[in-house]
Amino acid sequence: MCTLVECRRHPFLKYKSLLNLIHDLTAEEIDSIGILKNSTIQYESATTCSELLESLSNVVEDSLVCDLQNSSFVTALADESTDIANNKPLVIYAQIISDDMKPSTRFLTNTECSDAFGMGIANSILQEFQKRELDQKRL
C-alpha cells in the first residue's frame, strides 16, 4: 500500500526504471530504440515524463473509444468502495464485442463518485460513456 504522495508519483517512479532499461539495452536487442543508449538526451525531466505519459494515455483512450463505438453492445462493470477518508472511488470497466464476435473487458476509468448509491453510480457510469460519445442504446 502506498501513501497518497507515493501513489501520485508512482507513474514517475516507474517511468525512470523503464528509461533505465531502454538505456541499458543494446542496439542489437532493440534496433528502433538502441540509439537512446548512446544519446546524451536523458528524457528524465518531470515535464518530459508528463508529456510522454499524456501522449500514451491519449493513444490508449483513442483506441478504447474506437473499440466502444465499433462494438454492437457494451456492458458496464463498476465497483465503488468508500474509503477511510470518505472518498468514493468508482472503477468502471466496459465489456465489448469485437467484429469477430469475441468479447473482451477493457478498463474505462477510475473516477470519484459523489453519490455512492444506485442512482448516483448509474449517473457516473452514464457520464463516462457520454464523454466517449457512446450511443446509450447499445449500453
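Colleague: What should I keep in mind about the numbering and the model?

Modeller: Residues are numbered from 1 along each chain as its sequence is written. The model is predicted, so local features need pLDDT of at least 70 and side-chain atom pairs pLDDT 80 or more, while totals for chains, interfaces and linings use all residues; side-chain values use heavy atoms, with hydrogens and water left out.

Colleague: Which pattern does the protein follow along the sequence?

Modeller: Reading along, you get α-α-β-β-β-α, with three helices and three strands. Those are DSSP runs numbered from the N terminus: helices are H or I with at least four residues, strands E with at least two.

Colleague: How many salt bridges are there?

Modeller: Side chains of opposite charge can pair when their charged atoms come close. The rule is a side-chain nitrogen of Lys or Arg within 4 Å of a carboxyl oxygen of Asp or Glu, and the count here is four. Take Asp 67 and Arg 106, with closest N and O atoms 2.2 Å apart. That pair joins helix 2 to strand 3 (residues 103–112), 39 residues apart.

Colleague: Is Arg 132 buried or exposed?

Modeller: Buried means under 20% relative accessible area, exposed over 50%, partly exposed in between (1.4 Å probe, protein chains only). Arg 132 is buried at 8%, whereas its partner Glu 61 is partly exposed at 26%. Their closest N and O atoms are 2.8 Å apart. Arg 132 also pairs with Glu 128 at 3.0 Å, N to O, and Glu 128 is buried too.

Colleague: Which residues are linked in a network of salt bridges?

Modeller: Glu 61, Glu 128, Lys 131 and Arg 132.
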